[in-house]
Amino acid sequence: MTDERDEQPTVDMESLFQNEVINADQVNQTIRDSGAPAGTYQSNPEEYPLQAYPKVRELKDVEGQVIGSRKSIDIVGLFTGRFDGKEERVRMRFTISPEYHKRKVYESDQWTGEYLDKPDSQSKLYAQAVKAYEAGAKELPKNVLQLVEWMTQNSFRVRTMIGRDGDPVVLAISPAGRGR
């Protein structure tokens, strides 16, 4: 007795796919379409605890030479959002830094060596996290450790977009219960 899994293929793999070219745009679109939707998500530390990982990253000039370092914190964990009546749970990772840096200018995915007169993402998200803390506690955190502890133990919201790789990119942090 045989079943259909035992049958040999009737088409040769090489002849079927030898001229098939991988379409990078189609692959990237498929990844984006199958990911979590962009929008507002909320942390829920009682159900899904967040983790905080301190980092010291090298700062490099446009030629790639190390010119310093920057302290930052990676916040990692599950966030939930509701889209079209369905709850989505998404693992996110974003970085905050109390060390202010300006946003780099890029052309064709290459840093030009220039900066905008605006904060970079890590600086902006850090400032928004401080303001979210202040909205809930009615005072500023006393230090970075107190802010990080609050982020891992209290609910807050993040607004996201979908990055080129299909993963959510955190654009903004706000207090829980605000927004949509």
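Reader: Which residues does threonine 152 touch, not counting residues up to four places away in sequence?

Author: This is a predicted model, in which local features need pLDDT of at least 70 and side-chain atom pairs count only at pLDDT 80 or more, while totals for chains, interfaces and linings use all residues. Residues are numbered from 1 along each chain as its sequence is written, and side-chain values use heavy atoms, with hydrogens and water left out. Threonine 152 has its place in helix α4, where helices (H or I, at least four residues) and strands (E, at least two) are DSSP runs numbered from the N terminus. If contact means heavy atoms within 4.5 Å, then, leaving out residues up to four places away in sequence, threonine 152 touches Pro45, Leu50, Gln51 and Ala52.

Reader: Is leucine 50 buried or exposed?

Author: Leucine 50 lies in the loop between β1 (39-43) and β2. A residue counts as buried under 20% relative accessible area, as exposed over 50%, and as partly exposed in between, with a 1.4 Å probe and protein chains only. Because its relative accessible area is 4%, leucine 50 is buried.

Reader: Which residues is leucine 50 in contact with, leaving aside its neighbours within four places in sequence?

Author: Threonine 152, itself buried with a relative accessible area of 18%, is one of them. With those neighbours within four places set aside, the residues in contact with leucine 50 are Ser43, Ile75, Val76, Gly77, Leu78, Phe79, Met151, Thr152 and Phe156.

Reader: What is the phi of aspartate 84?

Author: Aspartate 84 lies in the loop between β3 and β4, and at 85% relative accessibility it counts as exposed. Although aspartate 84 is not a glycine, its phi is positive, at about 50°.

Reader: Why is α3 called roughly perpendicular to α4?

Author: Axes are lines fitted to C-alpha atoms, for helices over the stretch in contact, and angles run from 0 to 180 degrees between N-to-C directions. Angles under 35 degrees count as roughly parallel, over 145 as roughly antiparallel, 65 to 115 as roughly perpendicular and the rest as oblique. The axes of α3 and α4 come within 10 Å and cross at roughly 75°, and therefore α3 is roughly perpendicular to α4.

Reader: Which residues of α3 and α4 make the contact?

Author: On the α3 side, the contact is made by Tyr126, Ala129, Val130, Ala132 and Tyr133. On the α4 side, the residues are Val144, Gln146, Leu147, Trp150 and Met151.

Reader: Which residues lie nearest the centre of the largest pocket?

Author: On a 1 Å grid over the protein atoms alone, a pocket is an open set of points where a 1.4 Å probe fits, with protein on both sides within 12 Å along at least five of seven lines, and lining residues have an atom within 4 Å of a point. The largest pocket holds about 980 Å³ of space, a volume being the space filled by probe spheres set on the points. Of the 28 residues that line the largest pocket, those nearest its centre are Arg103, Tyr106, Asp120, Ser121 and Gln122.

Reader: Which element gives the most to the lining of the second largest pocket?

Author: The second largest pocket has a volume of about 180 Å³, and its lining includes Ala52, Lys71 and Val144. The elements that give two or more residues to that lining are β2, β3 and α4 (144-153). With five residues, the element that gives the most is β2.
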